[in-house]
Amino acid sequence: AMLGSGRHKKNDDPTPDEHVPLVRLDGSGFFSDEGERQMQHVAQRQDEALENMESAVDRLGFIATTIRSEVVEQHGMLDNLDGELDEADEKMSKTMKKITKLLGTSNRGRIYCILGLIAINTILLVILILF
């Protein structure tokens, strides 16, 4: 079967490109120089595009692995912090109960005011002793 110069016997045959010399489709391997160069150029561009895509996918895979390891590490750190905060809250609750018992009041505002005054007095005492 030859494509090229004009009329086709079937309506479903592709329209030939008039700028490309005849191309033989019977498997004999005959191609025009221009057609072969065009095919090589297209294949080369496709290979380059595939190589670019491959390197982009590799980079994304590396970034995803790095992000995952960072998330796992930070998850562990948050778990440790959560445990430490629970311990600190428990100790603070015990301390507040002891202060409430010692001062005879359960008013948190009054307790914080007394603790603030004690802290200020301690700071002033240290300043007076040092100077």
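Colleague: How many residues of the protein count as buried, and what makes a residue buried?

Modeller: Of the 131 residues, 5% count as buried. Buried means under 20% relative accessible area, exposed means over 50%, and partly exposed is in between (1.4 Å probe, protein chains only). Keep in mind that this is a predicted model, where local features need pLDDT of at least 70, side-chain atom pairs count only at pLDDT 80 or more, and totals for chains, interfaces and linings use all residues. Residues are numbered from 1 along each chain as its sequence is written, and side-chain values use heavy atoms, with hydrogens and water left out.

Colleague: What is the secondary structure of the protein, and how is it defined?

Modeller: There are two helices and two strands, and along the sequence they run β-β-α-α. Helices (H or I, at least four residues) and strands (E, at least two) are DSSP runs, numbered from the N terminus.

Colleague: Where is confidence lowest, and where is it highest?

Modeller: The score here is pLDDT, the predictor's confidence in each residue, from 0 to 100. The protein averages 79, and 75% of the residues score at least 70. Strand β1 (residues 2-3) is lowest at a mean of 44, while α1 is highest at 91. Over residues 1-14 the pLDDT is below 50, and this stretch has 15 contacts in the model beyond near neighbours in sequence; contact means heavy atoms within 4.5 Å. Where pLDDT is low, the predicted coordinates should not be read in detail.

Colleague: Which residues of α1 are buried, and what do they pack against?

Modeller: They're Gly 35, Met 96 and Ile 99, and they pack against α2. Just after α1, Gly 104 takes a positive phi of about 75 degrees.

Colleague: Why is Thr 105 called buried?

Modeller: Its relative accessibility is 12%, and the cut-off is under 20%, so Thr 105 counts as buried. Thr 105 sits in the loop between α1 and α2. Leaving aside neighbours within four places in sequence, Thr 105 touches Thr 100, Arg 110 and Ile 111.

Colleague: And is Arg 110 buried or exposed?

Modeller: Arg 110, in helix α2, has a relative accessible area of 51%, so it is exposed. The C-alpha atoms of Arg 110 and Thr 100 are separated by 9.9 Å, with the two residues 10 apart along the chain.

Colleague: What makes Lys 94 and Glu 90 a salt bridge?

Modeller: You need a side-chain nitrogen of Lys or Arg within 4 Å of a carboxyl oxygen of Asp or Glu. Here the closest N and O atoms are 3.9 Å apart, so the pair qualifies. The structure holds one salt bridge. Both residues lie in helix α1 (residues 33-103), four residues apart, about one turn of the helix. Glu 90, at 49% relative accessibility, counts as partly exposed.

Colleague: Why is Phe 131 called exposed?

Modeller: Phe 131 has a relative accessible area of 81%, and the cut-off is over 50%, so the label is exposed. Phe 131 is found in the segment after α2 (108-130).
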